[in-house]
Amino acid sequence: MTMGAECREACGLFGIAGHPDAALLTYYGLYALQHRGQESAGIASTGGQGIVHHRGMGLVADVFTAEILERLVNRVAIGHVRYSTTGSPVAVNAQPIVVNHAGGPIAVAHNGNLVNGAELRQELEARGSLFQTTTDSEVFLHLVARPEPGASAPAPAADPAGQPAVSLVERLDQALRRARGAFSLLFLTPRGMIAVRDPWGFRPLAIGRLGDATVVASETAALDLVEAEYVRDVEPGEIVSVSPDGKLSSRRFAGPAEPRPAPCLFEYVYFARPDSRVFGRNVHEIRKNLGRRLAREHPATADVVVPVPDSGNSAALGFSLESGIPLEQGFVRNHYVGRTFIEPEAGARLSEVEVKLNAVADAVRGKRLVVVDDSIVRGTTARSRVAQLRRAGAREIHLRISCPPHRFGCHYGIDFPDPRELIANERSLPEIAAFLGVESLGYLSVEGLREAAGVGPDSSCTACWTGDYRVPVPGPLDKGVLEGGSALRGAAVPRRSAPPRPKRVAP
Ligand code: AMP
């Protein structure tokens, strides 16, 4: 994560210990996690003598070649895909971050965002730590390299085979107690791999087995791809150490019940793959539940249910099953729109949104549609979709959204724009419906979301909808980033290619 009051990143982690093709399997695993981050990718591996690594900007397919993977062949490997839109989309911030310290080489890969990252970094820098990136992920390495006064084992003298894993785990234990916020982590040393999840359990991290090897991944879709069997999640507050031959041992740096768990419900709504099991539950099934509940909360009289692919597919199926209104493929997706899409000159109508999906005129012409999508953020995408369906001849459009209105920023690792750009911020439902140009608009309620996801009010994070931040945040959300130690308050860098900003609705 990039340092700053807030970071605009989400990431994917994959690691494996005890397999001769560890680097190659990590490469495949990252492919399965590409949706969690498209800015950069990296793999670090070890055969017990030092760490080799390769990182680069772009998609997994762009960053690695057969020759590079050949250089990374080892029995233990960790990998990372990163998604950042504010701060520095530069190679130096790609992960895993690899450093040498008194105890030997160590690498870290991080998914999440620390709310006290800037504070910890300032403190560490004041005590002499030299940071090589602008990410808060590096804070973990410096905390481990420089244990708290009074912490158990001091770093032993440099040892080419790395420090004993036990002392690293003890120092990690001390370090992790200081971190506040969201952190699913993978560490690599010549002595093996370590997986960690923050005590709140904001971001997912699953453990699988592949023969004698242990695999750890942000989502189980990555386990499926390498044919590993899902065993369980890394528990909130747990440190799982894996030896180079894949043997697992566990300890806790925080109790599971205190603080209250806060798995991110937006993982279910949008972020995770529907074929993944996240926080122990299948995402597609939960999205179907969201759609069913949405149909009960906001029924509509319509001829067909149209999903917005791919994010609305599962919820639309649930809506259709619950309402009895048949599902229709009103949009077809172009799968070849990548990050290189060149935005046309201002004023041109065409945008990435139009290129990505095309309305199927013969399926929607003259019909009353229930259009189901996962979320509305700025509102520009939904507005374009509605316009496309109108041009294709839709008679009525009833938009249904399988989560509540987004009004708050995420401090725990999901990329949202500045809250001032969220369309539901300071706009009423009729104003939003007018801006989008729909006959009716219905969002799932917070209670509906929780119930459909099967979680209680105290056991999930709903901050982006409710403003209830489980881990107190230092201040209002802004796009400031710390670069080289100074706070820069810059204009928001749009994610992917920028959709046009929503205009304020005329009163
Ligand atoms: P918009 O309302 O134009 O900002 O775009 C909303 C759409 O973007 C949603 O329907 C999602 O499919 C997708 N989306 C939602 N959240 C995010 C996010 N954090 N990063 C990227 N895309 C997102």
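This is a predicted model: local features need pLDDT of at least 70, side-chain atom pairs count only at pLDDT 80 or more; totals for chains, interfaces and linings use all residues.
## Helix axes and a first pair

A helix axis is a line fitted to C-alpha atoms, here over the stretch in contact, and the angle between two axes runs from 0 to 180 degrees between their N-to-C directions. Helix 4 (residues 117–126) and helix 5 (residues 137–145) have axes that come within 10 Å and cross at roughly 45 degrees. The two helices are therefore oblique to each other, and their crossing is left-handed.

Which residues of helix 4 and helix 5 meet? From helix 4 come Gly-117, Leu-120, Arg-121 and Leu-124, and from helix 5 come Val-139, His-142 and Leu-143. Sorted by class, the contact of helix 4 with helix 5 has 4 nonpolar, 2 polar and 1 charged residues.

## The protein as a whole

Now step back and look at the protein from a distance. Its secondary structure comes to 16 helices and 23 strands. Of the 507 residues in the protein, 60% are buried.

Taking contacts between residues at least 6 apart in sequence, 72% join residues at least 24 apart.

## Helix 9 and its two partners

Two packed helices are described by the angle between their axes and the distance between the axes. Helix 9 (residues 283–297) gives us two pairs to describe in this way, one with helix 10 and one with helix 15.

Start with helix 10 (residues 313–323): its axis and that of helix 9 come within 6 Å and cross at roughly 45 degrees. That makes helix 9 oblique to helix 10. The crossing of helix 9 and helix 10 is right-handed. On the helix 9 side, the residues that meet helix 10 are His-284, Arg-287, Lys-288, Gly-291, Arg-292, Leu-294, Ala-295 and Arg-296. Their partners in helix 10 are Ser-314, Ala-315, Leu-317, Gly-318, Phe-319, Leu-321, Glu-322 and Ser-323. By class, this contact of helix 9 with helix 10 has 6 nonpolar, 5 polar and 5 charged residues.

The residues in the contact of helix 9 with helix 15 divide into 5 nonpolar, 2 polar and 4 charged.

## Helix 1 and Ala-23

Helix 1 (residues 22–32) is largely enclosed by the rest of the structure, because 8 of its 11 residues are buried. These buried residues are Ala-22, Ala-23, Leu-25, Thr-26, Tyr-27, Gly-29, Leu-30 and Ala-32.

Let us zoom in on one of them. Ala-23, which lies in helix 1, has a relative accessible area of 1%, so Ala-23 is buried: the cut-off is under 20%. What is Ala-23 in contact with, leaving aside its neighbours within four places in sequence? Its contacts are Ile-43, Leu-69, Leu-72, Val-73, Asn-74 and Ala-77. Take Leu-69: Ala-23 and Leu-69 are 46 residues apart in sequence, and their C-alpha atoms are 6.5 Å apart in space.

Most residues other than glycine have a negative phi, and most peptide bonds are trans. A few places in this model are worth a look with that in mind.

Where are the cis peptide bonds? One joins Gln-95 and Pro-96, with omega at about 0 degrees; Pro-96 is in the loop between strand 4 (76–84) and strand 5 (97–101). Another joins Pro-309 and Asp-310, where omega is about -10 degrees; Asp-310 is in the loop between strand 16 (304–307) and helix 10.

Two glutamates have a positive phi: Glu-227 at about 65 degrees and Glu-426 at about 70 degrees. Glu-227 sits in the loop between helix 7 (220–225) and strand 11 (229–233), while Glu-426 sits in the loop between strand 20 (396–401) and helix 14 (429–436). Glu-227 is exposed, with a relative accessible area of 68%, and Glu-426 also counts as exposed, at 68% relative accessibility.

Technical notes
Residues are numbered from 1 along each chain as its sequence is written. Side-chain values use heavy atoms; hydrogens and water are left out. Helices (H or I, at least four residues) and strands (E, at least two) are DSSP runs, numbered from the N terminus. Buried means under 20% relative accessible area, exposed over 50%, partly exposed in between (1.4 Å probe, protein chains only). Contact means heavy atoms within 4.5 Å. Angles under 35 degrees count as roughly parallel, over 145 as roughly antiparallel, 65 to 115 as roughly perpendicular and the rest as oblique. A crossing is left-handed if the near helix is turned anticlockwise from the far one by less than a right angle, and right-handed if clockwise. Ala, Val, Leu, Ile, Met, Phe, Trp, Tyr, Cys and Pro count as nonpolar, Asp, Glu, Lys and Arg as charged, and the others, Gly among them, as polar.
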